[in-house]
Amino acid sequence: MKDAIRVRELKKSYGSHVVLKDLDFQIEKGEIFALLGANGAGKTTTLECIEGLRKYDSGAITVNGKMGIQLQSSSLPAHIKPMEAVKLFAKWNKTKIDDTMLDGLGIKEMEKKQYIQLSTGQKRRLHLALALIGNPDVIFLDEPTAGLDVEGRLSLHEQIRKIKSHGKTIVLASHDMAEVETLCDRIAILNNGNIAFCGTVSELTDRVGRKYFIHIKTQQGDNTFETDNIEDTLISLLGELKQKKIHVLDIKVDRGTLEQHFIEMARREAE
Ligand SMILES: Nc1ncnc2c1ncn2[C@@H]1O[C@H](COP(=O)(O)OP(=O)(O)OP(=O)(O)O)[C@@H](O)[C@H]1O
């Protein structure tokens with residue numbers, strides 16, 4: 001399949017702070033691709049270099065097709081009405097307004113409100129609509145569902161899948177691993193200025209295994225244990241605590257995210 005985006009030997013520093021050491025990856029046409037990584041790993045820097053909004057030090061970036069970029073919340077004037085923004089963007093793009101797309105995203109229902117009066121979900125849908133004006137081939141979404149409730153999130157996922165079904169390529173930066181697991185064809189994890197992993201979610205699961213975190217709060221303090229077998233670990237931990245007559249106040253089990261496990265694994269391998 002033809003690449004929508006190809007990044008080769010991308011390097012970027014801010015002064016003496018090296019953020020991207022040497023990035024190499026490609027994004028295939030028609031896939032949903034996510035860029036993951038801890039805060040400050042360089043996701044936004046990478047996306048903005050690809051989008052042409054940020055200068056990079058060296059390397060090569062190729063984008064095949066027209067780009068549509070989702071705005072940050074602060075980028076629209078507070079009092080603009082959604083359809084005014086849509087008309088403005090259509091004019092800039094010298095394109096006709098796609099009523100079917102606007103109906104799908106419920107933009108016309110927001111007609112009477114000003115931008116600051118929109119709910120978070122409505123703002124996200126408007127940002128998506130504005131990114132789609134001009135019928136782009138590659139769409140960049142930065143944290144598309146941050147701050148939304150479950151219903152808002154599911155509805156936006158549905159819209160993103162619909163965009164993909166029209167053959168578009170979608171690139172997103174996200175912190176929400178559950179979202180990435182359900183939505184994305186492939187992911188890349190940024191760590192220490194490099195692509196630490198690039199592949200499908202199931203390839204990532206195969207690499208790190210399914211792990212869990214058990215958090216135990218006792219009179220003596222809090223402890224966290226990583227395990228791939230909740231039952232055995234819990235039985236042995238509780239047995240040990242009982243024997244030592246340490247009183248358990250609270251127990252929580254969470255799955256952690258694949259990204260956390262992967263970064264932890266990379267850290268251990270580097271030691
Ligand atoms: N314009 C800038 N000048 C100097 N340093 C910058 C600039 N932009 C980003 N940085 C630094 O570069 C690093 C990467 O930032 P970037 O915003 O790309 O990371 P990120 O992975 O998108 O983070 P987050 O998940 O918090 O949004 C951070 O340490 C950040 O402080």
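## Ligand shell

In this predicted model, the residues surrounding the ligand are Y14, V19, G37, N39, G40, A41, G42, K43, T44 and T45. Sorted by class, six residues of this shell are polar, three are nonpolar and one is charged.

Helix α1, which spans residues 43–51, supplies the largest share of the shell, with three residues.

## Nonpolar core

The largest nonpolar core in the model contains 53 residues. Within this core, the residues with the most contacts are A34, A129, I139, I170 and I187. Helix α4, covering residues 120–132, gives the most to this core, contributing six residues. In soluble globular proteins, nonpolar side chains tend to be buried together.

When its neighbours within four places in sequence are left aside, I170 is in contact with I32, I139, L141, I160, I163 and K164. One of these partners, I139, is itself listed among the core residues with the most contacts.

## Chain as a whole

The chain has 271 residues, of which 30% are buried. Its secondary structure comprises nine helices and twelve strands. Taken along the principal axes, the box filled by the C-alpha atoms of the chain is roughly 75 × 45 × 35 Å.

Contacts in the chain can also be sorted by separation in sequence. Of those between residues at least 6 apart, 68% join residues at least 24 apart.

Conventions: Residues numbered from 1 in each chain as written. Predicted model: local features only at pLDDT ≥ 70, side-chain atom pairs only at ≥ 80, totals over all residues. Near = placed C-beta within 6 Å. Helix = DSSP H or I, 4+ residues; strand = E, 2+ residues; numbered from the N terminus. Nonpolar A, V, L, I, M, F, W, Y, C, P; charged D, E, K, R; others polar. Core = buried A, V, L, I, M, F, W, Y, C linked by C-beta atoms within 7 Å. Buried ≥ 20, exposed ≤ 12 C-beta atoms within 10 Å, placed from the backbone. Contact = placed C-beta atoms within 7 Å.
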